[in-house]
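The sequence and the structure come before the description.

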Amino acid sequence: MSLAIPQAGLHLSVICIPERAVYRYGTLGMKIFLGLIAVAFATSSLAQTVTTSATPDIPHSKTVMDALVAAGPVMLVLFALSVFFVMLVIVYLMTIRRGAVVSSGFMATADALLRKRDYLGLLAVSNRHGEAIARVVQKVLDFTTKNPHADFQQVREIAETEGTRVAASLNNRAIYLADIGMIAPLLGLLGTVLGIIRSFGALGADLGTARYVLLSKGISEALVNTCAGLAIGIPAMIFYAFFRGKAQKLISELESATTHVLALLSLQYDRRIERTPVLIEDEL
C-alpha cells in the first residue's frame, strides 16, 4: 500500500508493511507466547511430580522410648544397669550420712556411761544403736568384758581393727558407683560397634534402595547406644565423687569419736592399775 502526500509540488511515496504480513507476525507472536505459557505450566507440573515421588510420606517422628526400644539388645542391659544405679543412689543417700556413722546422742550417752564405769549399760546401749561408732564400742566392750586382764594396747588394736573394717565398708559402697561409671560406657560402645557392623552389612548387600534404610537404622542404633552408655556413666561418676568425699569425711569423724572413747577407756585403765584384780573383775 502506497500513500501519496502532495506538498510543494512534490510527490512523496511511503512504503509500508503489508497488512497480511502484520497479521501473520502478530499471530506468530501470540502462538509463541501461548507456547511459553504452556511450557511453564508443564515444567511446574513435572517438578511437582518429581518432588512428590522423590520425597515419600514422612512417617511420624519416633519418641525417645521408641528409639531406645529399637536400639538393640544392649539397651536391655543398660536399662537394668540404670535401675541398679538409681537404687544404689537412694540407698547411699540414706546410709552414707552422719547419723548412720556417728550420732551426737550416742556419743553423749557413751561419754556419761564411761565416766561412771557402767560398761554393761554402755554395751546394752551399743546393741540398741545401729551407728558405726556403736559397733566399734560394742566390739571393744565385748573384748574387755571377756578378757578382763587384757592391757589397753590390745583394746586399742581391737578398736582400730573394727574402725578400719567400717571405713572399708563405706569406701567399698562408693566404689560400686565407679564400677557402673566404667561399665556403662563400655556397654554403649559395644552397642555402637554392633550398630556399625549392621550398617556396613546393609551397605554391602545387594538390596537396592532398601539398603539405605538399613544403613540409617544401624547408624541410629549405634548413636543411641553410645548416648545411653554416656547418660548412665557420667552421672554414676559424679555421684561416686560425691559419696567418696562424704565417706572420707564420715570416716574422719568416726576416727575422732573412736579416739575419744579410747581416751576415756585409757583413763579407766589407769585407775584400775591401783585397784585389786577382784574389784576389776567385779566392775567388768
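A cavity is a set of points, on a 1 Å grid over the protein atoms alone, where a 1.4 Å probe fits but cannot get out, and lining residues have an atom within 4 Å of a point. This is a predicted model, in which local features need pLDDT of at least 70, side-chain atom pairs count only at pLDDT 80 or more, and totals for chains, interfaces and linings use all residues. Residues are numbered from 1 along each chain as its sequence is written, and side-chain values use heavy atoms, with hydrogens and water left out.

The structure holds one cavity of 30 Å³ or more. The volume of the largest cavity is about 40 Å³, a volume being the space filled by probe spheres set on the points, which are joined across faces, edges and corners. Ile133, Val136, Val137, Val140, Ala159, Thr258, Val261 and Leu262 line the largest cavity. Helix H7 provides the largest share of this lining, four residues; H7 and helix H9 (210-272) each supply at least two. By class, the lining has seven nonpolar residues, one polar and no charged. Ala, Val, Leu, Ile, Met, Phe, Trp, Tyr, Cys and Pro count as nonpolar, Asp, Glu, Lys and Arg as charged, and the others, Gly among them, as polar.

Helices are DSSP runs (H or I, at least four residues), numbered from the N terminus. Axes are lines fitted to C-alpha atoms over the stretch in contact, and angles run from 0 to 180 degrees between N-to-C directions. Contact means heavy atoms within 4.5 Å.

| Helix pair | Angle | Axis separation |
|---|---|---|
| H5 (residues 104-115) and H6 | about 165° | 8 Å |
| H6 (residues 119-128) and H7 (residues 132-146) | about 140° | 9 Å |

H5 and H6 are therefore roughly antiparallel, the term for angles over 145 degrees; angles under 35 count as roughly parallel, 65 to 115 as roughly perpendicular and the rest as oblique. Phe106, Thr109, Ala110, Leu113 and Leu114 in H5 meet Tyr119, Gly121, Leu122, Val125 and Ser126 in H6. This contact has seven nonpolar, three polar and no charged residues.

H6 and H7 are therefore oblique to each other. Their contact involves Tyr119, Leu122, Leu123, Ser126 and Asn127 of H6 and Ala134, Val137, Gln138, Leu141 and Asp142 of H7. The classes here are six nonpolar, three polar and one charged.

Notes
On a 1 Å grid over the protein atoms alone, a cavity is a set of points where a 1.4 Å probe fits but cannot get out, and a pocket is an open set with protein on both sides within 12 Å along at least five of seven lines; lining residues have an atom within 4 Å of a point.
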